Amino acid sequence: SAGDFQFAARMVESNALDLLKNGNISTLLGWFNTLPEETIKEHPQLCVYCAWALMLAGKTDNVEKYLLPAEAHVSALKDFGGLRGDIAAVRAYAAARQGDMDQTIDKAREWLSKDNLTVRSVMAFVLGGVYYMRQDFQNALTAMKEASELGEQAGNINVAVSALSAVGGFQVEQGNLIEAEK
């Protein structure tokens with residue numbers, strides 16, 4: 001309301017990850033809608049959060065519009081870990097949603113060995129979904145269990161709960177009702 005969009009961008013950026021982890025996507029998208037697009041694009045991490053929120057809301061058309069400026073900042077900053085991993089995670093999720101399973105598996109496996117627990121939890125979740133779609137139920141189950149554990153460790157409740165729910169569903173499908181109940 002005051003027109004201090006840089007301050008507002010920093011405030012959104014400092015709270016966006018918690019909103020994403022807790023599944024408050026509509027709140028986050030509402031905040032992004034109040035910021036000028038140019039302001040968002042000046043903040044690489046904010047671009048990634050915006051791309052995640054759009055992706056999770058099923059609004060995939062504009063995701064690259066925010067990933068490209070973030071990537072330009074990353075190249076300039078020589079960031080080889082955190083932000084680059086966040087960008088790769090969004091792109092892996094996008095590839096999965098578009099049905100490109102080979103690209104999804106390649107991107108996900110590349111980042112499963114990195115230090116960022118949040119990115120690793122998302123990558124394991126995406127990988128579990130791809131294995132499930134390929135009817136590779138054992139690898140799907142393993143990946144979803146890992147996603148749940150990593151999500152819990154990272155405080156990423158959205159991934160932890162979704163992955164654990166998928167594990168239960170996989171167990172039911174396999175007729176393992178006692179395991180599903182656990």
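Tutor: The contact between α1 and α4 is made by A9, V12, E13, A16, L17 and L20 on the α1 side and by Q45, L46, Y49, W52, A53 and L56 on the α4 side. Sorted by class, this contact has 10 nonpolar, 1 polar and 1 charged residues. The model is a predicted one, and what follows is read from it. The axes of α1 and α4 lie 10 Å apart and pack at an angle of about 45°. An angle between 35 and 65 degrees is neither roughly parallel nor roughly perpendicular, and α1 and α4 are therefore oblique to each other. Their crossing is left-handed.

One residue of α1 in this contact, A9, also touches a residue of another helix. T39, which sits in helix α3 (residues 37–41), touches F5, Q6 and A9, leaving out residues up to four places away in sequence. Is T39 buried or exposed? The relative accessible area of T39 is 7%; buried means under 20%, so T39 is buried.

Now stay with α4 and turn to another partner. Helix α2 (residues 25–34) and α4 have axes that come within 10 Å and cross at roughly 130°. That angle makes α2 oblique to α4, and this crossing is left-handed. From α2, the residues in the contact are I25, L28, L29 and F32; from α4, they are L46, Y49, C50, A53, L54 and L56. By class, the contact of α2 with α4 has 10 nonpolar residues, no polar ones and no charged ones.

M55 and I25 are 30 residues apart in sequence, and their C-alpha atoms are 9.8 Å apart in space. Leaving aside neighbours within four places in sequence, M55 is in contact with T60, V63, V90, Y93, A94 and R97.

V90, Y93, A94 and R97, named among the contacts of M55, fall within the range of α6 (82–97). The 16 residues of α6 should span 22 Å at 1.5 Å a residue, and the end C-alpha atoms are 23 Å apart, which agrees. Most of α6 is covered, with 13 of its 16 residues buried. After α6 comes G99, which has a positive phi near 85°.

The next helix along is α7 (101–112). The axes of α6 and α7 come within 8 Å and cross at roughly 155°. Angles over 145 degrees count as roughly antiparallel, and α6 is therefore roughly antiparallel to α7. The crossing of α6 past α7 is left-handed. R84, G85, A88, R91, A92, A95 and A96 of α6 meet M101, Q103, T104, K107, A108 and W111 of α7. By class, this contact has 7 nonpolar, 3 polar and 3 charged residues.

Several of these helices come together around α8. Helix α8 (residues 117–133) has 17 residues and reaches 24 Å from its first C-alpha to its last, close to the 24 Å expected at 1.5 Å a residue. It is mostly covered, with 12 of its 17 residues buried. Which residues of α8 are buried? They are T118, V119, R120, S121, V122, M123, A124, V126, L127, G128, V130 and Y131. Their cover includes α1 (5–21), α4 (44–56), α6 (82–97) and α7 (101–112), as well as α9 (137–154) and α10 (157–173).

Just after α8 comes Q135, placed in the loop between α8 and α9. Most residues other than glycine have a negative phi. Q135 is not a glycine, yet its phi is positive, about 65°. At 61% relative accessibility, Q135 counts as exposed.

Definitions and conventions. Residues are numbered from 1 along each chain as its sequence is written. This is a predicted model: local features need pLDDT of at least 70, side-chain atom pairs count only at pLDDT 80 or more; totals for chains, interfaces and linings use all residues. Side-chain values use heavy atoms; hydrogens and water are left out. Helices (H or I, at least four residues) and strands (E, at least two) are DSSP runs, numbered from the N terminus. The expected span of a helix is 1.5 Å times one less than its number of residues. Buried means under 20% relative accessible area, exposed over 50%, partly exposed in between (1.4 Å probe, protein chains only). Contact means heavy atoms within 4.5 Å. Axes are lines fitted to C-alpha atoms, for helices over the stretch in contact, and angles run from 0 to 180 degrees between N-to-C directions. Angles under 35 degrees count as roughly parallel, over 145 as roughly antiparallel, 65 to 115 as roughly perpendicular and the rest as oblique. A crossing is left-handed if the near helix is turned anticlockwise from the far one by less than a right angle, and right-handed if clockwise. Ala, Val, Leu, Ile, Met, Phe, Trp, Tyr, Cys and Pro count as nonpolar, Asp, Glu, Lys and Arg as charged, and the others, Gly among them, as polar.
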